[in-house]
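Subject: Structure handover

Hello,

Here is the structure I promised to pass on. Please open it beside this email and follow along.

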Amino acid sequence: MFEKLGAEGFMKELCNGFQLLVDGDKGVITFESLKRNSALLGLQDMNDKEAICMLREGDLDGDGILNEMEFCTLMLRLSPELMNSSRKFLVEAIVNF
């Protein structure tokens, strides 16, 4: 996917994914917003335990929710093909920053 979109396009897609799951009032992904909106990403069968595990795995600061940076970091970690091309992604992102 990264190869197809490039660094900027890929980051935009990650941000779009975050926006689909975010709690509109709080601006972060909460357990409730994840459960409510997960079907939009084809995850309608996600149970409570899986949702809690996803939040815990991505929650870098321990506040029980995912901000945009935590969500993007989690998505990168969960995508093996992205990990393999992470050096190229980093270089392109730095150059475009």
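A nonpolar core is a set of buried Ala, Val, Leu, Ile, Met, Phe, Trp, Tyr and Cys residues joined through side-chain atoms within 4.5 Å. You will need that term below. One caution before the findings: this is a predicted model.

**Overall fold**

The chain has six helices and zero strands. Read from the N terminus, its elements run α-α-α-α-α-α. It holds 97 residues, and 33% of them count as buried. Its accessible surface comes to about 6,400 Å². Carbon and sulfur atoms account for 56% of that surface. Take the contacts in the chain with a separation of 6 or more: 39% of them join residues 24 or more positions apart.

**The core**

In soluble globular proteins, nonpolar side chains tend to be buried together. Which residues touch the most other members of the largest nonpolar core? They are Ile29, Leu34, Met54, Phe71 and Met75, out of 16 residues in that core. Helix H1 (2-21), H3 and helix H4 (68-77) are the elements that give two or more residues to this core.

Look at Met54 next. Leave aside its neighbours within four places in sequence. Met54 is then in contact with Leu34, Met46, Phe71, Leu74 and Met75. Leu34, Phe71 and Met75 are also on the list of core residues that touch the most other members.

**The aromatic pair**

A pair of aromatic rings is described by the distance of the centres and the angle of the planes. The structure holds one aromatic pair. Phe18 and Phe71 form this pair, at 5.9 Å centre to centre and 55° between the planes. That makes the pair tilted. The two residues are 53 residues apart, with Phe18 in helix H1 and Phe71 in helix H4, so the pair links distant parts of the chain. Both Phe18 and Phe71 are buried.

Is Ser33 buried or exposed? Ser33 has 0% relative accessibility, so it counts as buried. Buried means under 20% relative accessible area. Ser33 is found in helix H2. Not counting residues up to four places away in sequence, Ser33 touches Leu21, Val22, Asp23, Val28 and Ser38.

Thr30 sits in the loop between H1 and H2. Thr30 is buried too, because its relative accessible area is 5%. With residues up to four places away in sequence left out, Thr30 touches Asp23, Leu55 and Ile65.

**Salt bridges**

Side chains of opposite charge can pair when their charged atoms come close. The count here comes to two salt bridges.

- Lys35 and Asp48: their side chains meet at 3.1 Å, N to O. Lys35 is in helix H2 and Asp48 in helix H3, 13 residues apart, and the pair links distant parts of the chain. Lys35 counts as partly exposed because its relative accessibility is 29%. Asp48 has a relative accessible area of 43%, so it is partly exposed.
- Glu57 and Arg77: their side chains meet at 3.3 Å, N to O. Glu57 is in helix H3 and Arg77 in helix H4, 20 residues apart, and this pair also links distant parts of the chain. At 39% relative accessibility, Glu57 counts as partly exposed. Arg77 is at 40%, so it counts as partly exposed.

**The surface**

Which residues form a nonpolar patch on the surface? Leu20, Leu40, Leu41 and Leu43 do, with about 330 Å² of accessible area together. Leu41 lies in the loop between helix H2 (31-37) and helix H3 (48-58). Why is Leu41 partly exposed? Its relative accessibility is 37%, and partly exposed covers the range between the buried limit of 20% and the exposed limit of 50%.

Asn96 is in helix H6 (residues 86-96). Asn96 counts as exposed, because its relative accessibility is 52%. Exposed means over 50%. Where does Asn96 lie relative to Glu8? Asn96 and Glu8 are 8.1 Å apart in space, C-alpha to C-alpha, although 88 residues apart in sequence.

Best wishes

Definitions and conventions. Residues are numbered from 1 along each chain as its sequence is written. This is a predicted model: local features need pLDDT of at least 70, side-chain atom pairs count only at pLDDT 80 or more; totals for chains, interfaces and linings use all residues. Side-chain values use heavy atoms; hydrogens and water are left out. Patches are made of residues with over 30% relative accessible area and no salt bridge: like charges are joined within 9 Å, nonpolar side chains (Val, Leu, Ile, Met, Phe, Trp, Tyr) within 5 Å. Accessible areas come from the Shrake-Rupley method with a 1.4 Å probe; for residues, only the protein chains shown count as cover. A salt bridge is a side-chain nitrogen of Lys or Arg within 4 Å of a carboxyl oxygen of Asp or Glu. Helices (H or I, at least four residues) and strands (E, at least two) are DSSP runs, numbered from the N terminus. Buried means under 20% relative accessible area, exposed over 50%, partly exposed in between (1.4 Å probe, protein chains only). Contact means heavy atoms within 4.5 Å. Rings of Phe, Tyr and Trp (its six-membered ring) pair if their centres lie within 6.5 Å; planes under 30 degrees apart count as stacked, over 60 as edge-to-face and the rest as tilted.
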